[in-house]
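The sequence and structure are shown first.

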Amino acid sequence: NSVTYLILLENRTVGLISYKGTNLSEIAVHPDYQGRGIGSIALGKVIEEIRRTGAKAIDLETHPENPARRLYERHGFIATGSIENYLGSNTPRLVLTKKLQP
(Lines give C-alpha, C1' and ligand atoms only; values in the text may rest on other atoms or scores of the structure.)
Protein backbone atom coordinates (compact mmCIF):
# COMPACT_ATOMS: atom_id res chain seq x y z
CA ASN A 1 0.00 0.00 0.00
CA SER A 2 2.87 2.39 -0.59
CA VAL A 3 2.78 5.40 -2.88
CA THR A 4 5.81 6.00 -5.11
CA TYR A 5 6.39 8.95 -7.40
CA LEU A 6 9.09 9.18 -10.01
CA ILE A 7 10.76 12.57 -10.14
CA LEU A 8 10.99 13.74 -13.74
CA LEU A 9 13.03 16.59 -15.15
CA GLU A 10 12.87 17.32 -18.87
CA ASN A 11 11.33 13.88 -19.54
CA ARG A 12 14.16 12.16 -17.66
CA THR A 13 13.71 10.21 -14.42
CA VAL A 14 16.08 11.82 -11.92
CA GLY A 15 14.76 10.38 -8.67
CA LEU A 16 11.89 8.98 -6.67
CA ILE A 17 10.02 9.50 -3.45
CA SER A 18 7.93 6.88 -1.66
CA TYR A 19 5.77 6.70 1.44
CA LYS A 20 3.37 4.34 3.13
CA GLY A 21 0.71 5.84 5.36
CA THR A 22 2.56 8.45 7.37
CA ASN A 23 6.03 6.94 6.97
CA LEU A 24 8.37 8.39 4.37
CA SER A 25 10.18 5.29 3.18
CA GLU A 26 12.49 6.56 0.45
CA ILE A 27 13.68 9.66 -1.30
CA ALA A 28 16.48 9.53 -3.82
CA VAL A 29 17.81 11.96 -6.42
CA HIS A 30 20.45 10.95 -8.95
CA PRO A 31 23.83 12.43 -7.92
CA ASP A 32 24.06 14.46 -11.14
CA TYR A 33 20.88 16.31 -10.11
CA GLN A 34 21.46 16.75 -6.38
CA GLY A 35 21.84 20.23 -4.95
CA ARG A 36 19.21 21.76 -7.24
CA GLY A 37 16.28 21.65 -4.82
CA ILE A 38 14.62 18.73 -6.61
CA GLY A 39 14.42 16.56 -3.49
CA SER A 40 13.14 19.50 -1.46
CA ILE A 41 10.32 20.18 -3.92
CA ALA A 42 9.32 16.49 -4.00
CA LEU A 43 9.42 16.23 -0.21
CA GLY A 44 7.28 19.35 0.15
CA LYS A 45 4.65 17.95 -2.20
CA VAL A 46 4.50 14.63 -0.33
CA ILE A 47 4.26 16.41 3.03
CA GLU A 48 1.26 18.36 1.71
CA GLU A 49 -0.32 15.22 0.31
CA ILE A 50 -0.02 13.45 3.66
CA ARG A 51 -1.24 16.55 5.53
CA ARG A 52 -4.44 16.53 3.44
CA THR A 53 -5.24 13.03 4.75
CA GLY A 54 -5.62 14.50 8.25
CA ALA A 55 -2.43 12.87 9.56
CA LYS A 56 -0.92 14.45 12.66
CA ALA A 57 2.73 13.61 11.88
CA ILE A 58 5.14 12.05 9.38
CA ASP A 59 7.99 9.75 10.37
CA LEU A 60 11.10 8.50 8.64
CA GLU A 61 14.20 6.54 9.52
CA THR A 62 17.66 7.51 8.27
CA HIS A 63 21.30 6.87 9.05
CA PRO A 64 22.47 9.48 11.57
CA GLU A 65 25.21 10.64 9.17
CA ASN A 66 23.04 10.74 6.02
CA PRO A 67 23.63 14.09 4.28
CA ALA A 68 19.88 14.17 3.47
CA ARG A 69 19.25 14.71 7.17
CA ARG A 70 19.78 18.44 6.56
CA LEU A 71 16.99 18.36 3.97
CA TYR A 72 14.64 16.69 6.43
CA GLU A 73 15.48 19.18 9.17
CA ARG A 74 14.88 22.13 6.82
CA HIS A 75 11.38 20.71 6.30
CA GLY A 76 10.74 20.60 10.05
CA PHE A 77 11.66 17.01 10.92
CA ILE A 78 13.23 16.57 14.36
CA ALA A 79 14.95 13.58 15.96
CA THR A 80 12.49 11.65 18.14
CA GLY A 81 14.26 8.33 18.64
CA SER A 82 16.85 5.87 17.41
CA ILE A 83 17.06 2.25 16.34
CA GLU A 84 20.40 0.61 17.11
CA ASN A 85 20.16 -2.59 15.06
CA TYR A 86 18.01 -1.55 12.11
CA LEU A 87 16.66 -4.65 10.34
CA GLY A 88 19.38 -6.73 11.99
CA SER A 89 22.12 -4.99 10.03
CA ASN A 90 23.96 -3.61 13.08
CA THR A 91 23.49 -0.20 11.48
CA PRO A 92 21.90 2.57 13.52
CA ARG A 93 18.97 4.61 12.31
CA LEU A 94 17.66 7.89 13.57
CA VAL A 95 13.90 8.34 13.73
CA LEU A 96 12.78 11.78 12.57
CA THR A 97 9.26 13.14 12.96
CA LYS A 98 7.48 16.15 11.52
CA LYS A 99 4.34 17.32 13.27
CA LEU A 100 1.62 18.43 10.85
CA GLN A 101 -0.70 21.35 11.36
CA PRO A 102 -4.27 20.96 10.08
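Two strands are taken as paired if DSSP finds at least two bridges between them. The model discussed here is predicted.

**Strand pairing**

By that criterion, strands E1 and E2 pair in the antiparallel sense over seven bridges. Leu 9 has Arg 12 in E2 as its bridge partner. The two strands form a hairpin with two residues between them, where Glu 10 takes a positive phi near 50°. E2 in turn pairs with E3, again in the antiparallel sense, over six bridges. Along this pairing, Ile 17 stands opposite Ile 27 in E3, and Ser 18 stands opposite Glu 26 in E3. E2 and E3 also form a hairpin with two residues between them, and Gly 21 in its turn has a positive phi of about 65°.

E3 and E4 run parallel and are joined by two bridges. Here Asn 23 stands opposite Asp 59 in E4. The chain passes from E3 through H1 to E4 in a β-α-β crossover that is right-handed.

The three pairings are set out below.

| Strands | Sense | Bridges |
|---|---|---|
| E1 and E2 | antiparallel | seven bridges |
| E2 and E3 | antiparallel | six bridges |
| E3 and E4 | parallel | two bridges |

**Helix H1**

H1 comprises 14 residues and reaches 20 Å from its first C-alpha to its last, close to the 20 Å expected at 1.5 Å a residue. Its buried residues are Ile 38, Gly 39, Ala 42, Leu 43, Val 46, Ile 47 and Ile 50. These residues lie on the same side of H1, because they cover an arc of only 160° around the axis. An α-helix has 3.6 residues a turn, so residues three or four places apart point the same way. Ile 41 and Lys 45 are exposed, on the face of H1 turned away from its buried side. The cover over the buried residues of H1 includes E1 (3-9), E2, E3, E4, H2 and E6.

In soluble globular proteins, nonpolar side chains tend to be buried together. The largest nonpolar core has 23 residues, of which Ile 17, Leu 24, Leu 43, Ile 50, Ile 58, Tyr 72 and Phe 77 touch the most other members. Two or more residues come from each of E2 (12-20), E3 (23-29), H1 (38-51), E4 (57-62), H2 (69-74) and E6 (93-99). H1 gives the most to this core, with six residues.

Leaving aside residues up to four places away in sequence, Phe 77 touches Leu 43, Ile 47, Ile 58, Leu 60, Tyr 72, Leu 96, Thr 97 and Lys 98.

**His 75**

His 75 is found in the loop between H2 and E5 (78-83). Is this residue buried or exposed? Its relative accessible area is 19%, and buried means under 20%, so His 75 counts as buried. Again leaving aside residues up to four places away in sequence, His 75 touches Ser 40, Leu 43, Gly 44, Ile 47 and Lys 98.

Notes. Residues numbered from 1 in each chain as written. Predicted model: local features only at pLDDT ≥ 70, side-chain atom pairs only at ≥ 80, totals over all residues. Heavy atoms only, no water. Core = buried A, V, L, I, M, F, W, Y, C linked by side-chain atoms within 4.5 Å. Buried < 20%, exposed > 50% of the residue type's maximum accessible area, 1.4 Å probe, protein only. Helix = DSSP H or I, 4+ residues; strand = E, 2+ residues; numbered from the N terminus. Contact = heavy atoms within 4.5 Å. Expected span 1.5 Å × (residues − 1). Arc of directions from axis to C-beta. Right-handed = clockwise from strand over helix to strand, strands pointing away.
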